[in-house]
There are 2 protein chains.
Amino acid sequence: MAASSSSFCHKNALSLSTPSNNHTKLTSRDSSLRFPPSISFNAPRFRVSLLSKSNRNLILKASATSAAPAMDQITSSSSSSEVPTSVEVDLGNRSYPIYIGSGLLDQPQLLQKHVHGKQVLIVTNTTIAPLYLEKTIWALTDGNPNIKVESVILPDGEQFKNMETLMKVFDKAIESRLDRRCTFVALGGGVIGDMCGYAAASYLRGVNFIQIPTTVMAQVDSSVGGKTGINHRLGKNLIGAFYQPQCVLIDTDTLNTLPDRELASGLAEVIKYGLIRDAEFFEWQEKNMEALLARDPIAFAYAIKRSCENKAEVVSLDEKESGLRATLNLGHTFGHAIETGLGYGQWLHGEAVAAGTVMAVDMSYRLGWIDDSLVQRANKILKLANLPTTPPETMTIDMFKSVMAVDKKVADGLLRLILLKGPLGNCVFTGEYDRQALEDTLRAFCKS
Amino acid sequence: MAASSSSFCHKNALSLSTPSNNHTKLTSRDSSLRFPPSISFNAPRFRVSLLSKSNRNLILKASATSAAPAMDQITSSSSSSEVPTSVEVDLGNRSYPIYIGSGLLDQPQLLQKHVHGKQVLIVTNTTIAPLYLEKTIWALTDGNPNIKVESVILPDGEQFKNMETLMKVFDKAIESRLDRRCTFVALGGGVIGDMCGYAAASYLRGVNFIQIPTTVMAQVDSSVGGKTGINHRLGKNLIGAFYQPQCVLIDTDTLNTLPDRELASGLAEVIKYGLIRDAEFFEWQEKNMEALLARDPIAFAYAIKRSCENKAEVVSLDEKESGLRATLNLGHTFGHAIETGLGYGQWLHGEAVAAGTVMAVDMSYRLGWIDDSLVQRANKILKLANLPTTPPETMTIDMFKSVMAVDKKVADGLLRLILLKGPLGNCVFTGEYDRQALEDTLRAFCKS
């Protein structure tokens, strides 16, 4: 992410509100998770229905029972203290809310009620600090003078998501004499969230933390669900922890400063939810991709909320990735190979996932598990989102194979993959597939 | 620890057996843990009673109802496949056994039943590898040819318990393509156990691990309870995780090769249990310290088991150190300051804890919380165990204060300490004490 500021600026325009305490609580839908050889997952049929009591606020009605959710009533939205939409991640006594809305960083009490202790460490990067650090410090301290806020500003980029950079967080925390009752705050994109979360998991054997994601990628995916960690030179996210935050605070205004390339990268994960489990969401995306690229605030608020609902439901059912949660990695095994093979930071995560998704879809088709029209639709929407649909030319078959061999989904030497199977919105997580199909896919996408 | 082999060698003489499945299950004793300002803890009144059904085995009867446990019946003990004593750490679905006995590494099935998957990584050091690595590999593979065992041999010593050394474990695991179903095995003392455990907690966000402690320190304390981590240059164990093993396998034969200095170091933790919560055990130690120093196998087996019972009970009641568990750190805040101030590896952990215990006892006396006879008894038994009772001369008051300020027990700027209060076997964990007493203790033990 370059330190640029987009010309797009709809301050307080990207708004989505609901009545107070309208938590979308997700409950168990499939408790009979099986492990290998193969697991199939069907699209959920949850219902999203938001109606604000206040006519000052934007009203969004979205119902998954129709082919595409309607967004049919819009009123004014200018309050900076509106009640945010909230999606609950249901993990027993470790449950937490995801707040989604415009201007949430203008509501100090929202953030402050999740801060434990009197010490806070904000972990951010050189791009985000000039934009939102001051505001975040204000949100933490306004009306709360006894709190001590420290910050550590890391270099920006996937290439810095490593142990060396992580140690800077520990150094700062220890030098600031932060104790076990402190709270770490991740202010940034996926790299910051992953590193701050792992630092919080490990500092003094675990302190509280809060996610404030500022990219689409982080808002729709990485900030939710407690996967934290760093990369190893031989593979992505190989060192880390499952560690849940106290809350996720998504101020959609932060997207106003997001570069186009970063925005598109995040859309790769939005598209993923549609392909693996939410056909109606996918169909909505097909109709609204241009609105998303134009940063239409209503469309974006909806896409973020629906993505978070999908993510929260999956995490609630399978926190530690025994099976179901692995399906969120559609395209990621190929994608991680691209990121690691090219060198971290060359392609954005979502760009690599997009190309990886095309490869996974291609392989699913070669196995006879999906029909050609789904291949075309997947390719088309990724292209519409300005995402790559082929891996970089420098990637060879051997590079793919060597990185994929250390993927976290390998079990007893067998590489398990997420592949589409059946109609749109259905997938499997399996190690039972014809090896020739994988070979053929790699050959089709690599020159050597 | 030097790579020396003690002349003491009672192979299969240090034996302690019980009937099969004689698990000492510990249940909740005090569920009403309070946090600050102050917590008091009384000695437990549990009963230890072991009787073997087999007259081939050593029989030990120990009853905490008498002032000192009797060890009054000994029969022959030469079998290498005897049933081990087992102490259970009761943590719900994460409960695990601690096996204690002679020749346990000669019983492959005992170890193998706790190995998950087909891949094992043994983490050990340059001292222990020549002594026990081959035997451990044999125990893992005998009759189990499908298992793949890798090992990584780290440098030996507290000065290597850092991120740089930890990365060697990750490097080896990734290069060996170990997947999520693998098992890490810690073969060594406390440093190896702490590092291997933290590596297991973090590798692929968590894999199984087994503790095979080979020092008194690790057998009576550090291998039990799931505290894992590494040091930071500014303080001990500041980075880590609470992460429980699948089992702890204590083969008391491994003590045969332990240098005297390491053996004495471990006794500091044994003495600690007596002082903070087990007066009868302390009285037993007063009578049996010479036997322990002479490595009497019966005395040692009893001291290890009783220590593990104390540790297991505390961990079962307070896994994440909300209160009670902190009492296990008697002398550790002063001790960690010595270890960090002197430079890791200069003094052994137990040596620093011994001097720290004398300081904590001195401070307790200055506060008027214990009488002089307890001060004398604590000093006497530590001296009997050949442990230091004053900090190194190079330690200054400022060195103590600066390291103690980053101790994990600091809360909201207040340093909480474990201090004795009342009769032998009682202590408090508190931040409510006269600061002058701390000053006076530091002045009494430091030249400047």
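**Packing, pairing and salt bridges in a predicted model**

Colleague: Which elements of chain A do the buried residues of α12(A) pack against?
Modeller: In this predicted model, helices (H or I, at least four residues) and strands (E, at least two) are DSSP runs, numbered from the N terminus. Packing here rests on contact, that is, heavy atoms within 4.5 Å. On that basis, the partners in chain A of the buried residues of α12(A) are α9 (332-342), α10 (349-366), β12 (410-411), β13 (414-415), β14 (417-420) and α13 (435-445).

Colleague: How are residues and chains labelled, and which pLDDT do side-chain atom pairs need?
Modeller: Residues are numbered from 1 along each chain, chains are lettered from A and ligands numbered from 1 in the order written, and side-chain values use heavy atoms, leaving out hydrogens and water. Totals for chains, interfaces and linings use all residues, whereas local features need pLDDT of at least 70 and side-chain atom pairs count only at pLDDT 80 or more.

Colleague: Which residues of helix α12 of chain A are buried, and what arc do they cover?
Modeller: Buried means under 20% relative accessible area, exposed over 50% and partly exposed in between (1.4 Å probe, protein chains only). In α12 of chain A, residues 397-404, the buried ones are A:I397, A:F400, A:V403 and A:M404. They lie on the same side of α12(A), because around the axis (taking directions from it to the C-beta atoms) they cover an arc of only 145°.

Colleague: Why is strand β4 of chain A described as largely enclosed, and how many of its residues are buried?
Modeller: Both of its faces are covered, with A:Y96, A:I98 and A:I100 buried on one side and A:P97, A:Y99 and A:G101 buried on the other. The strand, residues 96-101 of chain A, is therefore largely enclosed by the rest of the structure, the buried count being six of the six residues.

Colleague: Which residue of β11(A) is the bridge partner of A:I98?
Modeller: Strands pair if DSSP finds at least two bridges between them. β4(A) runs antiparallel to β3 (residues 85-89) of chain A, with five bridges, one pairing A:S86 with A:Y99. It also runs parallel to β11 (residues 248-251) of chain A, with four bridges; in β11(A), the partner of A:I98 is A:V248.

Colleague: How many salt bridges are there between chain A and chain B?
Modeller: A salt bridge is a side-chain nitrogen of Lys or Arg within 4 Å of a carboxyl oxygen of Asp or Glu, and the whole structure holds 50 of them over all chains. B:E175 and A:R233 form such a bridge, at 3.3 Å from N to O. Between chain A and chain B the count is four.

Colleague: Is A:R443 buried or exposed, and what is its relative accessible area?
Modeller: A:R443 forms a salt bridge with A:E439, their closest N and O atoms being 3.9 Å apart, and both lie in helix α13 of chain A, four residues apart, about one turn of the helix. A:E439 is partly exposed, at 21%, while A:R443 is exposed, its relative accessible area being 56%.

Colleague: How far apart in sequence are the parts tied together by B:D278 and B:R306?
Modeller: These two residues form a salt bridge in which the closest N and O atoms are 2.8 Å apart. Because B:D278 lies in the loop between α6 and α7 (279-293) of chain B and B:R306 in helix α8 (residues 297-317) of chain B, the pair ties together parts whose separation in sequence is 28 residues.
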